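Me: I am new to this structure. Could you take me through it in short steps?

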Amino acid sequence: MDSARARPAGLRTSIGFTTEDEIRVQGYRLADELMGTVDFGSMFYLLVTGRLPGHGEAVLFNAVLVALADHGLTPSALAARLTYTGAPEAVQGAVAAGVLGAGSVFLGVFEDTGRMLRASGEEAPHDEAEVRRRAKRIVDEYRAAGKRLPGIGHPIHKSGDPRTARLLELAREHGTVGPHIQLMLAVQQEAAASASVPLPLNAGGMCGAVLCDLGIDTSVLRGVAVVSRAAGVVGHLAEEARAPIGRSLWTLAEDAVEYRPLR
């Protein structure tokens with residue numbers, strides 16, 4: 001039977017295909033045109049957008065991946081290490097445990113920020129007065145609803161997240177400061193102006209704005225964060241394998257937590 005006629009109607013993909021002697025990804029020959037030619041960040045960008053990034057886009061996209069790769073003994077790292085303690089034969093399970101908690105507090109800020117910025121209009125305008133009007137509307141709406149503004153504030157970097165400053169510097173250097181970055185900066189300024197505590201723009205918020213300006217679809221913004229942090233999680237697991245602390249963390253928790261029955 002003809003293989004084309006045997007395929008169900010309407011099923012298609014642009015990502016790629018494999019034959020006996022070649023692999024194609026988004027129209028490129030993987031072995032001949034991509035391997036040894038593009039870095040992993042550019043390959044990732046190609047997969048999610050369908051095109052290779054320009055030089056400035058590649059610099060910013062890779063910088064985003066680097067920015068969120070690790071942040072110390074975070075819940076994602078702890079979850080991964082403790083899972084590895086219980087199942088060292090299944091490193092993939094430990095990696096999964098480390099990234100399953102991507103949400104509104106950790107890693108999911110990429111997506112939450114992107115949705116907030118894109119919900120303000122099809123494109124955030126370049127006109128400064130309109131940017132500030134939209135920023136004020138966003139802040140007012142979130143506060144009226146009692147919701148936390150995504151990408152604003154940090155429990156450690158209270159005076160400013162160093163990753164944010166570097167990303168902004170790179171965006172300006174490579175001409176990739178777009179309307180979403182402009183709007184996010186205005187949202188931070190509006191929120192901080194009427195707050196009683198420092199409210200810096202954190203790396204998650206800046207990364208979300210950068211990725212929006214790079215044309216990354218909102219539905220995969222959190223996925224970019226997960227890929228970034230997965231690298232850091234694997235690093236923690238490599239260390240856990242050679243210098244384990246998981247069992248000690250377990251013991252510390254048992255010693256520190258007081259048992260108190262409900263009744």
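Me: Setting aside neighbours within four places in sequence, which residues is Val 187 in contact with?
Reply: This is a predicted model. Sequence neighbours within four places are left out for Val 187. The contacts of Val 187 are then Met 116, Ala 135, Ile 138, Val 139, Leu 149 and Ile 152.

Me: Which residues have the most contacts inside the largest nonpolar core?
Reply: The largest nonpolar core has 45 residues. Val 187 is one of those with the most contacts inside it.

Me: How many residues does the second core have?
Reply: The second core is separate. Among its residues are Ala 80, Tyr 84, Val 99 and Leu 237. Its residue count is eight.

Me: How many helices and strands does the protein have, and what share of its residues is buried?
Reply: The secondary structure comes to 13 helices and three strands. The protein has 263 residues. The buried share is 40%.

Me: What share of the contacts with a separation of 6 or more joins residues 24 or more positions apart?
Reply: The C-alpha atoms fill a box of roughly 70 × 55 × 40 Å along the principal axes. Among contacts with a separation of 6 or more, those between residues 24 or more positions apart account for 72%.

Me: Are Cys 207 and Cys 212 buried or exposed?
Reply: Buried means under 20% relative accessible area. Cys 207 has 0%. Cys 212 has 5%. Each value is under the cut-off, so Cys 207 is buried and Cys 212 is buried.

Me: Which residues lie nearest the centre of the largest pocket?
Reply: The largest pocket has a volume of about 550 Å³. Its lining has 26 residues. Nearest its centre lie Val 105, Phe 106, Leu 107, Val 109 and Asn 202.

Me: Which helix gives the most to the lining of the largest pocket?
Reply: By class, this lining has 14 nonpolar, eight polar and four charged residues. α7 and α11 each supply at least two residues of it. With three residues, the helix that gives the most is α7.

Me: Which residues are closest to the centre of the second largest pocket?
Reply: The second largest pocket has a volume of about 180 Å³. It is lined by 11 residues. Closest to its centre are Glu 128, Val 131, Gln 182, Leu 185 and Ala 186.

Me: Which helix supplies the largest share of the lining of the second largest pocket?
Reply: By class, this lining has five nonpolar, three polar and three charged residues. α8, α9 and α10 each supply at least two residues of it. The largest share is four residues, and it comes from α10.

Me: How far apart in space are Arg 143 and Ala 191, C-alpha to C-alpha?
Reply: Arg 143 is in helix α8. Leaving aside neighbours within four places, it is in contact with Ala 191, Ser 194, Ala 195 and Leu 199. Arg 143 and Ala 191 are 48 residues apart in sequence, and their distance in space is 9.5 Å.

Me: Why does Arg 143 count as partly exposed?
Reply: Buried means under 20% relative accessible area, and exposed means over 50%. The value for Arg 143 falls in between, so it is partly exposed, at 38%.

Me: What distance separates the C-alpha atoms of Leu 52 and Leu 68?
Reply: Leu 52 lies in the loop between α3 and α4. Leaving aside neighbours within four places, its contacts include Tyr 28, Leu 34 and Val 38. Leu 52 and Leu 68 are 16 residues apart along the chain, and their C-alpha atoms are separated by 22 Å.

Key
Residues are numbered from 1 along each chain as its sequence is written. This is a predicted model: local features need pLDDT of at least 70, side-chain atom pairs count only at pLDDT 80 or more; totals for chains, interfaces and linings use all residues. Side-chain values use heavy atoms; hydrogens and water are left out. Buried means under 20% relative accessible area, exposed over 50%, partly exposed in between (1.4 Å probe, protein chains only). A nonpolar core is a set of buried Ala, Val, Leu, Ile, Met, Phe, Trp, Tyr and Cys residues joined through side-chain atoms within 4.5 Å. Contact means heavy atoms within 4.5 Å. On a 1 Å grid over the protein atoms alone, a cavity is a set of points where a 1.4 Å probe fits but cannot get out, and a pocket is an open set with protein on both sides within 12 Å along at least five of seven lines; lining residues have an atom within 4 Å of a point. Grid points are joined across faces, edges and corners, and a volume is the space filled by probe spheres set on the points. Ala, Val, Leu, Ile, Met, Phe, Trp, Tyr, Cys and Pro count as nonpolar, Asp, Glu, Lys and Arg as charged, and the others, Gly among them, as polar.
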